[in-house]
Amino acid sequence: MVTELNERFESFVTTVTRAYKCIQKIKNIETEHLGLKGNHVMCMYFLGKNDCGLTAAELCKLCNEDKAAVSRTILDLTQKGLVVPIQATKRKYRTMIKLSDDGLALNRKIMGAIEQAVKRGSADFTDDERQIFYKVFFSIVNNLEDLTKNEYSTD
């Protein structure tokens, strides 16, 4: 017997999954011709927003990625000359990095693609509807994070 809660669960989870797959596909297609991978986008995005640079630890938090994934991304971006260290430390995880001039130029292209995707994704909404959507969606995510911290903690 399918209840309303089952239907809401199914609808929410499958819709979020569909959205995530679309985002991944857009990131992969938009970055492939730039010589990047989809997982580089968020690091480039946050580095582009922070002229003073960020550490790998800060990128992990901002990108919601684990240390290993961010370390691989930083290594890739460094080898491509898109990021540079600005304050080296003995611990690479604490080294400040920023976009190089080439990285800044490439980031402008990425930002253009992001702008187009966001506009297209929310084209059917008024500003009020968009604000309500984000308020509700963020509330759901915050509630789920609280649930996982409190009831599904592995500590």
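Student: Which residues have the most contacts inside the largest nonpolar core?
Tutor: Keep in mind that this is a predicted model. Its largest nonpolar core holds 21 residues, and Met44, Leu47, Leu59 and Leu77 have the most contacts inside it.

Student: And which elements give two or more residues to this core?
Tutor: That would be α2 (41-49), α3, α4, β2 (96-99) and α5 (101-121). The top contributor is α2, with six residues.

Student: What does Leu77 touch, leaving out residues up to four places away in sequence?
Tutor: Leu36, His40, Cys43, Met44, Leu82 and Val83.

Student: Can we step back for the overall layout? How many helices and strands are there?
Tutor: Six helices and two strands. Reading from the N terminus, the order is α-α-α-α-β-β-α-α. The C-alpha trace spans about 60 × 40 × 25 Å along its principal axes. Of the chain's 155 residues, 25% are buried. And if you take the contacts with a separation of 6 or more, 55% come from residues 24 or more positions apart.

Student: Now helix packing. What do I look at when two helices meet?
Tutor: Two packed helices are described by the angle between their axes and the distance between those axes.

Student: How about α5? Is Asp101 buried or exposed?
Tutor: Exposed, at a relative accessible area of 65%. Asp101 lies in helix α5, and its C-alpha atom is 8.6 Å from that of Val83, 18 residues apart along the chain.

Student: Next, α3. Which of its residues are buried?
Tutor: Ala56, Ala57, Leu59, Cys60 and Cys63. The general idea is that an α-helix has 3.6 residues a turn, so residues three or four places apart point the same way. In α3, looking down the axis, the buried residues fall within an arc of 165°, so they line one face of the helix. What covers them includes α2, α4 and β2.

Student: And what happens just after α3?
Tutor: Some background: most residues other than glycine have a negative phi. Just after α3, though, Asn64 takes a positive phi of about 55°. Asn64 is in the loop between α3 (56-63) and α4 (67-79).

Student: Is Asn64 buried or exposed?
Tutor: Asn64 has 69% relative accessibility, and since exposed means over 50%, it counts as exposed.

Student: Last topic, the aromatic rings. How many aromatic pairs are there?
Tutor: The count comes to five. One of them is Tyr45 with Phe46, an edge-to-face pair with 5.0 Å centre to centre and 80° between the planes. Phe46 counts as buried, at 13% relative accessibility.

Student: Why is the pair of Phe133 and Phe137 stacked?
Tutor: Planes under 30 degrees apart count as stacked. The planes of Phe133 and Phe137 are at 10°, with ring centres 5.6 Å apart, so this pair is stacked. Both residues lie in helix α6 (residues 127-150), four residues apart, about one turn of the helix.

Student: How accessible are those two?
Tutor: Phe133 is partly exposed, with a relative accessible area of 40%, and Phe137 is partly exposed too, at 26%. Ring pairs also link Phe125, Phe133, Tyr134, Phe137 and Phe138 into a cluster.

How values were computed: Residues numbered from 1 in each chain as written. Predicted model: local features only at pLDDT ≥ 70, side-chain atom pairs only at ≥ 80, totals over all residues. Heavy atoms only, no water. Buried < 20%, exposed > 50% of the residue type's maximum accessible area, 1.4 Å probe, protein only. Core = buried A, V, L, I, M, F, W, Y, C linked by side-chain atoms within 4.5 Å. Contact = heavy atoms within 4.5 Å. Phe/Tyr/Trp six-rings, centres within 6.5 Å; stacked < 30°, edge-to-face > 60°. Arc of directions from axis to C-beta.
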